[in-house]
Structure formats: structure tokens, C-alpha cells
Amino acid sequence: MHNPGHRFQAQDRLADGAQYIGGRLTKGTSGRTHAVVNPATGEEVYTYELAGTADVDAAVAAARAAFPGWAGTTPGERSDALHRFAAVLAERAEEFAQAESLQCGKPLKLTREFDVPGTIDNTAFFAGAARHLQGQSAGEYSGDHTSYVRREPIGVVGSIAPWNYPLQMAAWKILPAIAAGNTIVLKPAELTPLTSLLFAEAATHAGIPDGVVNIVTGLGKEAGEHLVGHPDVAMTSFTGSTAVGKRVAEIATATVKRLHLELGGKAPFLVFDDADLEAAVHGAVAGSLINTGQDCTAATRAYVQRPLYEAFVERTGALMASVRVGDPFAPGTDLGPLISHAQRDRVAGFVERARGYARVVTGGEVPQGELKSGAYYAPTLVADAGQDSEIVQAEIFGPVLVVLPFDTDEEGIALANDTPYGLAASAWTRDVYRANRATREIKAGCVWVNDHIPIISEMPHGGYKASGFGKDMSAYSFEEYTQVKHVMFDNTAVARKDWHRTVFGDRP
Ligand code: NAD
């Protein structure tokens with residue numbers, strides 16, 4: 001193991017607790033503790049006191065107190081702070097990569113080359129975007145008035161994040177919110193608080209005022225629900241499963257909050273018969289196994305047009321079987337464990353039940369030997385399942401790809417659209433008309449052509465259908481984190497205005 005003693009660099013700094021409130025770490029007051037477990041070994045690496053409702057109240061109060069000052073800064077000042085923030089993150093990149101790999105079981109090459117650089121780039125993007133809040137230009141739309149639009153921050157944002165990309169999810173929630181002048185309280189998943197805490201600490205180090213970024217680490221039912229229902233929280237931004245998203249929506253709606261939901265996915269991977277088979281096979285393996293398949297946009301359902309079907313199944317199965325599963329800190333590792341033993345067992349359950357109606361082409365096993373104590377699962381390809389079966393319809397969130405054949409283009413697109421989800425999809429073809437049709441007709445927030453997974457700070461990420469609504473990243477996220485105010489000035493200086501006759505008296 002390349003992480004002696006399974007410690008992370010910042011372990012001593014986080015000894016003060018896992019709540020970051022008003023610019024400092026404190027211990028949660030719920031009376032209960034929770035452990036961060038290294039999923040590669042099952043060992044506890046960090047035990048902390050969970051946040052209770054009083055900690056959420058304290059964090060919201062800190063964010064509320066910081067709001068007028070932060071909202072009153074100029075876009076240039078917020079931009080400068082975010083540039084400094086990006087620089088601090090870049091200095092600490094390796095510390096973030098190590099902590100993220102340790103708490104999630106992600107291979108170091110993934111955290112070093114994707115999670116951490118992506119977060120630094122996102123921070124730099126929002127440093128620029130902070131100075132570029134756009135709106136309609138002022139004008140005399142009624143003839144007698146000048147109208148303009150102010151784009152204003154909303155207030156205290158309460159955000160809830162999942163465990164699959166803890167650092168990136170914290171960044172996606174915090175950066176657009178604070179770039180637009182809001183303050184925030186983020187609740188990371190209780191399994192993975194480390195990099196959210198380090199992110200908030202880095203914000204303070206960069207000079208972002210105390211109370212602008214707060215982290216409460218607690219259970220969803222307790223700290224999460226209290227945050228969503230809190231009367232001083234103006235907006236809820238949630239990323240997680242569709243089931244929990246529905247509960248969050250109920251609570252947020254009862255208190256009339258702005259709501260942004262980024263929920264589950266079951267992305268189709270549509271291979272037409274003119275596709276580059278080599279590209280499609282490599283894309284399917286990388287696109288389904290990224291982050292051990294715990295990615296809301298991961299390729300989960302490959303639909304392959306009949307002439308390529310058998311070859312696709314055979315080659316994808318062979319390539320999957322060659323993926324090196326192992327210690328996230330070992331240089332030769334491609335794929336780490338799942339987030340927890342519970343998640344691994346859940347994934348295994350889907351595959352075991354599918355054996356009754358489908359064919360497991362490769363994988364479908366819990367690796368033994370050296371990997372026995374970790375939450376590992378072999379990359380798995382399942383063929384011959386029915387479209388209505390559980391393994392095709394439900395979000396598995398593990399290294400499992402299902403492959404099905406189709407005949408006509410219409411059928412392929414219809415099958416791609418045939419789940420409740422609509423987060424992401426890809427179409428594989430060399431025919432521009434087919435590609436254009438697929439991108440037009442697939443109901444998803446992102447459609448790739450001849451690739452699957454890449455994201456970029458400038459472009460929006462968000463769902464259609466049961467995958468939620470609202471956008472993370474890009475200038476579009478400002479639509480979530482700002483509200484527009486219409487300001488209207490009378491230009492006539494006339495006491496008795498023409499329109500008053502609709503209410504009283506006659507025309508003057
Ligand atoms: P989850 O829904 O179980 O938990 C997400 C967060 O919600 C956690 O912080 C959890 O503590 C909290 N939570 C749980 N119950 C709550 C409640 N009653 N009230 C308030 N908060 C509560 O999801 P997960 O298992 O952590 O993450 C996996 C899910 O996240 C998958 O469904 C995946 O598709 C989704 N996800 C979506 C996106 C996206 O952009 N659409 C990105 C990443 C993950």
C-alpha cells in the first residue's frame with residue numbers, strides 16, 4: 001500500500017472536527033460519531049462527531065451573517081478571491097488527490113488527472129464568470145418607462161452532495177453560488193466529508209470571508225432534512241438519488257424554496273451499424289467503468305444495432321476482463337473498489353438476480369485473495385436481458401454494463417429513451433444524419449457523439465425527466481443561483497398617468 005498507515009496529509013488538521021462553520025472547524029453536537037472507511041481495506045481512517053440540528057442552525061446563522069457583506073462585494077472582488085482560491089487548490093492538489101482516493105477508493109490516476117484538475121479548472125472558470133453575469137439590456141419597452149433587470153444573489157444556499165465525486169460535487173455547488181454573491185452551507189455525504197472540509201479550509205486560506213462557505217457533516221435524515229427545511233435557507237441544491245431527491249423536493253416545496261435537483265441516471269450508449277467498432281468498444285468500457293461505475297452519467301445500457309451486436313459483446317467482454325482491479329494507490333491499478341461493502345453487495349444483488357433471466361458475459365464476481373477485505377467487484381457485462389428487466393431499468397451505480405441488440409434506428413432511439421431517467425446518452429455513428437437525429441430525439445441533458453463521459457467547465461450539466469432539473473457548471477448555473485428583479489422607472493414625470501383611467505376617472 002502506497003499510503004502508509006492509511007493516513008492522509010491533513011488528518012491532524014481535521015482533528016478539530018468535521019464541521020466547518022464561520023471559518024473554523026468544530027465538532028458536531030449530535031452526540032453520535034461516524035467513521036470514514038477506506039473502502040479498499042475496510043479500515044476506519046477518520047472518526048468524527050456528526051452534525052446535529054444545532055450545528056446546522058449555527059452554520060446557517062454564519063452564512064446569513066456573512067451574506068450582506070459578500071453580496072455587497074464587486075464582481076471583480078469575488079473574481080479575485082476565486083482566482084486566489086484556484087491557486088491555493090493548485091498548491092494543495094496532491095493532498096486533495098490522496099484524501100479523495102483514500103475516502104472513495106478511487107485510483108490515484110483518476111483523482112490526480114480528473115477530480116482535482118477538474119475542480120481547479122472549475123474554480124478558475126467561476127473566477128472569470130463572476131465578472132460576466134449577463135442579462136437583458138435596459139430599454140424603454142412601454143415607451144413611458146425605462147426598464148432594466150438586476151440579477152441578484154438569492155441568499156443562503158443549502159446544498160446536499162453525494163459520495164461518488166465528493167470534491168467535484170462540493171465545487172459544483174459552492175463555486176457558482178458564491179461567484180454570484182450567495183453564501184452557502186453544504187452537507188457532504190457522511191461517508192466522504194474529507195475533501196469538502198479541505199475545500200472550505202482552502203477557501204478561507206484564499207481570503208474568502210468567514211461564513212461564506214460552511215460545511216455540516218451529518219446524516220441525511222437529520223442534518224440534511226433540517227437544512228432543506230430551514231427557514232433562513234433561500235435555496236436548496238441537491239445532488240443524489242432520485243428517491244431522496246423526491247423527499248428533498250417535498251420539504252423544500254413546503255417552505256417555498258428555489259430548488260435545483262441533480263438526480264440519478266441510466267445513460268444509454270447507442271451503437272449504430274456504421275460505427276467504428278474499435279472506438280465503440282473502448283468507449284463502452286471506459287464509459288461504464290469510470291469511477292467503478294459510480295457515475296451518474298456512466299454508460300449503463302449499450303444498444304447495439306444487430307450487425308455489430310455479437311462482435312461488440314465479445315470484444316467488450318474481453319476488454320473488460322483485462323481491466324486491472326486493485327489497490328487505488330498502486331500505479332498499475334485501473335479500477336478501485338466501490339464506495340462501501342453495502343454498495344458492493346447492492347450491485348452484486350442486481351447481477352445475481354439477473355442470472356435468472358440474462359447472461360453474465362464477464363465478471364459478476366467478488367474478487368478474492370488480496371482484494372478480499374475491500375469493497376471490490378469485477379467489471380461485469382450482462383447480455384440478453386429484456387428491456388423491462390430490473391438490470392436494464394434501475395440505476396445500479398457499479399461496474400456493470402448491460403448490452404442489448406436493436407434493428408431499426410427508430411427502435412434504438414426509442415429504447416434509449418425508455419427509462420424514467422434522462423441525464424446523459426451517447427450515439428456512435430459515422431453518419432452525420434443519424435448523429436444529428438439521435439442528438440435531437442434522445443431526451444437527456446447531455447448527448448455525446450462518438451464519446452461518452454467528458455465534461456467541461458464551460459458547458460452545463462443537468463438532467464431531463466426523473467434525472468432532475470437545473471444546471472451545474474457553466475454560465476447556465478447562474479440561472480439557478482441568482483434571481484432577476486425588474487426595475488421600472490417612469491419617464492413622463494406626469495402626476496395623472498394615462499393608464500390611471502382604467503382604475504378611476506376619465507381621460508384628462
Ligand atoms: P443519496 O441520495 O443516498 O444521498 C445524497 C445525499 O443526500 C447525501 O449527502 C445524503 O446524506 C443526503 N440525504 C439522504 N437522505 C436525505 C434526506 N432524507 N434529506 C436530505 N438529505 C438526505 O445518494 P448517494 O447514494 O450519496 O449518491 C448516489 C446518487 O447520486 C446516484 O443516484 C447518482 O446518480 C446521484 N448523482 C447524480 C449526479 C447528477 O449530477 N445528476 C451526480 C452525482 C451523483
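**Note on the predicted model: domains, cavities and selected residues**

1. Glycine 283 is found in helix α9, residues 277-289 (helices, H or I of at least four residues, and strands, E of at least two, are DSSP runs numbered from the N terminus). The model is a predicted one, in which local features need pLDDT of at least 70 and side-chain atom pairs count only at pLDDT 80 or more, while totals for chains, interfaces and linings use all residues. Residues are numbered from 1 along each chain as its sequence is written, and side-chain values use heavy atoms, with hydrogens and water left out.

2. Glycine 283 has a relative accessible area of 12% and is therefore buried (buried means under 20% relative accessible area, exposed over 50%, and partly exposed in between, with a 1.4 Å probe and protein chains only). Leaving aside neighbours within four places in sequence, glycine 283 is in contact with Phe269 and Trp428 (contact means heavy atoms within 4.5 Å). The C-alpha atom of glycine 283 is separated by 8.9 Å from that of isoleucine 453, although the two residues are 170 apart along the chain.

3. The domain assignment gives domain 1 (16-263 + 467-486) and domain 2 (267-449), with bounds that come from an automatic or database domain assignment. Taken over C-alpha atoms, the centres of domain 1 and domain 2 are separated by 31 Å. In the contacts between them, 25 residues of domain 1 meet 27 residues of domain 2.

4. The size of an interface is often given as the accessible area lost when the parts come together. Here domain 1 and domain 2 bury about 2,000 Å² between them, with 58% of it on carbon and sulfur atoms (buried area is the accessible area, with a 1.4 Å probe, that two parts lose on being put together, summed over both). Pro39, Trp163 and Ser467 supply 26% of the area that domain 1 buries against domain 2, more than any other three residues.

5. The largest pocket has a volume of about 730 Å³. On a 1 Å grid over the protein atoms alone, a pocket is an open set of points with protein on both sides within 12 Å along at least five of seven lines, a cavity is a set of points where a 1.4 Å probe fits but cannot get out, and lining residues have an atom within 4 Å of a point. Grid points are joined across faces, edges and corners, and a volume is the space filled by probe spheres set on the points. Of the 30 residues that line the largest pocket, Pro162, Trp163, Gly240, Ser241 and Val244 are the closest to its centre.

6. Helix α7 provides the largest share of the lining of the largest pocket, five residues. At least two residues of this lining come from each of α7 (220-229), β9 (235-239), α8 (242-254) and α11 (341-354). By class, the lining of the largest pocket divides into 15 nonpolar, eight polar and seven charged residues (Ala, Val, Leu, Ile, Met, Phe, Trp, Tyr, Cys and Pro count as nonpolar, Asp, Glu, Lys and Arg as charged, and the others, Gly among them, as polar). Domain 1 and domain 2 each contribute at least three residues to the lining of the largest pocket.

7. A search of the whole structure finds seven cavities of 30 Å³ or more, and the largest cavity has a volume of about 100 Å³. Among the residues that line the largest cavity are Trp172, Cys296, Thr297, Ile453 and His461. Helix α5 (residues 166-179) gives the most to this lining, with three residues. The lining of the largest cavity has seven nonpolar, three polar and one charged residues, and at least three residues are drawn from each of domain 1 and domain 2.

8. Histidine 461 is found in the loop between β18 (446-449) and β19 (464-465). Histidine 461 counts as buried because its relative accessibility is 10%. Leaving aside neighbours within four places in sequence, its contacts include Trp172, Cys296 and Thr297, which also line the largest cavity.

9. Asparagine 450, in the loop between β18 and β19, has a phi near 60°, a positive value in a residue other than glycine. At 37% relative accessibility, asparagine 450 counts as partly exposed. Serine 474 lies in the loop between β20 (468-469) and α15 (477-481) and has a positive phi of about 65° although it is not a glycine. With 0% relative accessibility, serine 474 counts as buried.
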